[in-house]
Structures are given as structure tokens and as C-alpha cells.
Amino acid sequence: MSSIAIQPLTRAVRFYEAPIGKKAVMAVTGIVLTGYVVAHLLGNLQIYSSNPEQINKYAAFLHNPANAAALWAARGVLLLCVILHITAACQLWLQNRAARPFRYYKKDDVPNAYAARTMICSGPIIAAFVIFHVLHLTSGAVVRLQEIGPNEPNVRANVILGFSHYPAISAFYILAMGLLCLHLYHGVWSMFQSVGASHPRYTPMLKRVAAIAAILILLGNISIPIAALAGWLTY
Amino acid sequence: MRIVLHIWRQRNANDKGRMARYEVPNVNQEMSFLEMLDVLNEDLIARNEEPVAFDHDCREGICGMCGCMVNGVAHGPQPGTTLCQLHMRHFKDGDELYLEPWRARAFPVVKDLVVDRGAFDRLVAVGGFISATTGCAPDGNAILVPKEKAELSMDAAACIGCGACVAMCPNASASLFMGAKLAHLGLLPQGQPERYGRVAAMVAQAKAERFGACTNIGECEAVCPKEIKLEVIARMNRDFLKGSWTGRGALRDDAEEVSKKPLAGSRR
């Protein structure tokens, strides 16, 4: 065995070629994307602030031209993570499908593991939701967005109008958040398994924490369209 | 008791195969599942029909030869048992059972319920060994092994290579099998020299054999007759990642050539 280090690129390619390498990429990008989901939710929850202008101030801060470089860097990292996560998922899905070319006549699912089995369904729907969400509330391609001034979107008005005037859009948001909850539950505990952390003492705790976190994120996210539809939020 | 069987019949690897219905009217509830199939086969032979081919050897749950899907569950409904250790008292009079061979790209059907598990042999051939000096027996206790490590290694070594994990996995992944072999050897001092090369070689070989990847569902763990835990897969992942990023050289000089194609031989 040679002790000369192989080329870093060769090492990375060989690493990614292996299914375990792809799963590790999915785990690491999953951590970044989960972190973003939490940060995004915390930003959104400012709509409940006693100061109605709070969320618009936050939006103005993000859109401030002085922060443009940081904003686009964050968007770039997120986009890269999304691309890597989806690419690895598709490659593994194709490999896994090819590994069982003949279906069983009868097949029982022994552990239910609904969230784990439906990752390949919840994932694409969430991806479609993300695209719609950006068109809806970031770029304003679905409904015209209101602005207070240049680089100062009136987020409060856009969110409340965007949900309360279009119950179908709100319903799609709520459905997508339900699927995100399932995706996060499996993803959050599974990323530990994928990078090799499993212990009979801690893994059951981890699954409970993942379930609680996923449900809290779900409740936080769907509370906004529900509150807007119910007329609890005013602008 | 009377049992209705729907069994996958396939003359050879090239035959298309189909499900066939049989009735076994005189099943004793003390029979093992394989004995029930023996009764069916004697009846088929008496009627001048082709008996159902199924793998078996020790019939005491330790050799890993037997196994088929029973109503969509590998080794049938009883957890922690091989098919030969499953008894007919777990079924009711008039039950309809669907028997199918393990289904995986890596496990081609040889005949009826018999599949070629040579892919497992090739996985073991690339990594399931240690570099020990052969010859005289080593001194007892010359190499100390902590009790806990010895127990965990022994739990993993209980794997009999039956293939139920692959059969049950929605992705036909051999991760539980590989994890068991890697934990069995990697937990012991004797397994350290090849520890990281072993995992790289086995992972590459599994891909060449067209096994799927793990999606952390846990069907393998649920049907494993030796109750090997999902934890061994995490251990494999850990060793693979550590070996990939901290190893100084190529993990195994020959890993690349090995992974190009399944090893020759081991075809029935």
C-alpha cells in the first residue's frame, strides 16, 4: 500500500462515487437546509410582534444594498446545497430502483417508517413548493407585491393579502409544510445515521427530538397562513 | 390443518416464472415451515410433478441457507427466526401464504425459491478476512479484548448471510450484511490492520454487484433472524467516512480493479 496521498480531486470523486459518500453529502447539505428552515421560520415569526412594523424592518435590513453581498452569498450557498442534495437523492434513487428490477407479488412493510419511505415523494413536492414560494412572495410573479419604498418590501401586507385572498394558495402552503415536517423528521435523525452516529442510548432520544422539532416547525409555519385566513393578522 | 400456498415457480434463470397455487391438506402444527414444504414436495413427486426447489441445510437456524418471502416478509411473520425455525403453529387452518424468492438484481433466481447469493461471497472475499499468521495457535489472552467489544463483535458475527436483509430492503441494499461483517472484524484488535481498506473495498464491491444504498428505513433489522442492529450500518458509514478523509494513501491499492466487475466464479 502506497503512503503517497492520492490527488484531492480523485479522493473526492471516489468518495462521491460510493453510496455512503452521497448519503454524507445529503446529510451535510441537509443540516444547512434544516438550519435555513429554522432561521426562515424565526424571521417569519416576527409577524406576531407587538410592533406591526417589526417584520418590515427585518425585510428592509435583509434587502439593504449594504447587505447585498452577504444576501447573495447566502443564497448561493443554499442553492448549491439544494442542487447537491437533489442530485445525490436522484442518483441514489435510480441506483436503488435498479437494485430491485422485479417487484414482489406481495410485500409487507414491517416497520411503518412512513416518513422514510415517502422522502422521494415529499422531496419533489417541497422543491416545487420552494419554487412557487419564491415566485409568490419574493419575486412577485404570482401576485403583485407591495413596497414601502425601494428595497423595502411591505412583507406584512404581502403575507396577509397573499394568504387571506387566496385560500387555495394557503392550502398548498399548509400541505407543503406537512410534507416538510415528515421530510425533516426522517432527515434530522437519519443524517446522524448517515454520518455514522448511532447509539442505543441516544438514537431513540434523537428520534423523539427530531419528531418534536419537526412538529414545532410545522406549527410555526402553518400558523401564519391560518392566522391570515382567520383574520387574526391586520396590516 | 389445511394451508393454501401460492409459490413462485421458475424452471431456471432464463424462465419467466409464475405464481402457482398448491394445497397442503394435512399440515401438522408441530411441523417446521420447511417440513411442510417437504410434505408438499412428496405429494408433488407422487403425482409425477416437479417438486418445489428451496435452499436448506442445517434446519436449526444457524447455517443461513434457507429463506424465502412469506406473505411479503422475509423468513415469515415470526421475528428473529429463520424459515426452518418457523413452525406451522404460527398459522391458522385455511391460511393462504405467498412464497417468493429473495428479489434483488444481485441475487438472480436459480430455480423456484432458490437464489444465487454469490454476491455475498464476493463481498466477503474482498474484505471479510484478517491478516493473521497461520500456523501454530496463538497464546490465549496474548491479545486482550475488552468484554464489551467482544460482545458487540460477537453480536455482529451472528450474521449467517441468509440474505433476508437484502430481500426485505426496499432498495435491495446489502448494508446490514456488510455492516455486520465490518463490525465483527473492526471491533477486534485482530481486525485493525485492514479496517479502513476493508470498508472501502466492500462498499465498492457492493456497488459493482448492483446492491442498492441504505435509506435508514430499518426493514433489514426487523427481519434479521439474528437480530443484527441498524447500528452496524452507522459504524460502516463512520469507518468509510473516516477512511476516506483521514487515510494517507489509496485505501486499497486494488480496490479500484476489484470494483470494476464482480469476481469470477461462485456461479452455481
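**Entry: ground rules**

I number residues from 1 along each chain as its sequence is written, and I letter chains from A and number ligands from 1 in the order in which they are written. As the model is predicted, local features need pLDDT of at least 70 and side-chain atom pairs count only at pLDDT 80 or more, while totals for chains, interfaces and linings use all residues.

**Entry: confidence**

I began with the scores, and the model has ipTM 0.91 and pTM 0.92.

**Entry: chain A**

I counted nine helices and two strands in chain A; these are DSSP runs numbered from the N terminus, helices being H or I of at least four residues and strands E of at least two. Along the sequence I read the pattern α-α-α-α-α-α-β-β-α-α-α for chain A. Its C-alpha atoms fill a box of roughly 65 × 50 × 35 Å along the principal axes.

Next I looked at helix 1 (residues 8-17) and helix 2 (residues 19-44) of chain A, which pack at about 95° with axes 4 Å apart. Axes are lines fitted to C-alpha atoms, for helices over the stretch in contact, and angles run from 0 to 180 degrees between N-to-C directions. Helix 1 and helix 2 of chain A are therefore roughly perpendicular; by the cut-offs, under 35 degrees is roughly parallel, over 145 roughly antiparallel, 65 to 115 roughly perpendicular and the rest oblique. I see F15(A), Y16(A) and E17(A) of helix 1 of chain A meeting G21(A), K22(A) and V25(A) of helix 2 of chain A. That contact has three nonpolar, one polar and two charged residues. For the classes, Ala, Val, Leu, Ile, Met, Phe, Trp, Tyr, Cys and Pro count as nonpolar, Asp, Glu, Lys and Arg as charged, and the others, Gly among them, as polar.

**Entry: where the chains meet**

How many residues does each chain give to the contact? I got 42 from chain B and 39 from chain A. On the chain B side, strand 5 (96-100), helix 6 (195-208), helix 7 (219-223) and helix 8 (231-246) each give two or more residues. Helix 8 of chain B has the largest share, eight residues. By class, I list 20 nonpolar, eleven polar and eleven charged residues on this side of chain B.

**Entry: domains of chain B**

Chain B is divided into domain 1 (3-100) and domain 2 (117-260), with bounds from an automatic or database domain assignment. I noted 31 Å between the C-alpha centres of these two domains of chain B. Their contact takes twelve residues from domain 1 of chain B and ten residues from domain 2 of chain B.

**Entry: helix 6 of chain B and its partners**

I took helix 8 of chain B as one partner: its axis and that of helix 6 of chain B come within 9 Å and cross at roughly 105°. That makes the two helices of chain B roughly perpendicular. From helix 6 of chain B, the contact residues include R195(B) and V199(B), and from helix 8 of chain B they include M236(B) and F240(B).

Helix 5 (residues 175-186) of chain B packs with helix 6 of chain B at about 170°, with axes 11 Å apart. Helices 5 and 6 of chain B are therefore roughly antiparallel. Among the residues in that contact I find M178(B) and L182(B) of helix 5 of chain B, and R195(B) and V199(B) of helix 6 of chain B.

Notes:
Two residues are in contact if their C-beta atoms, placed from the backbone, lie within 7 Å.
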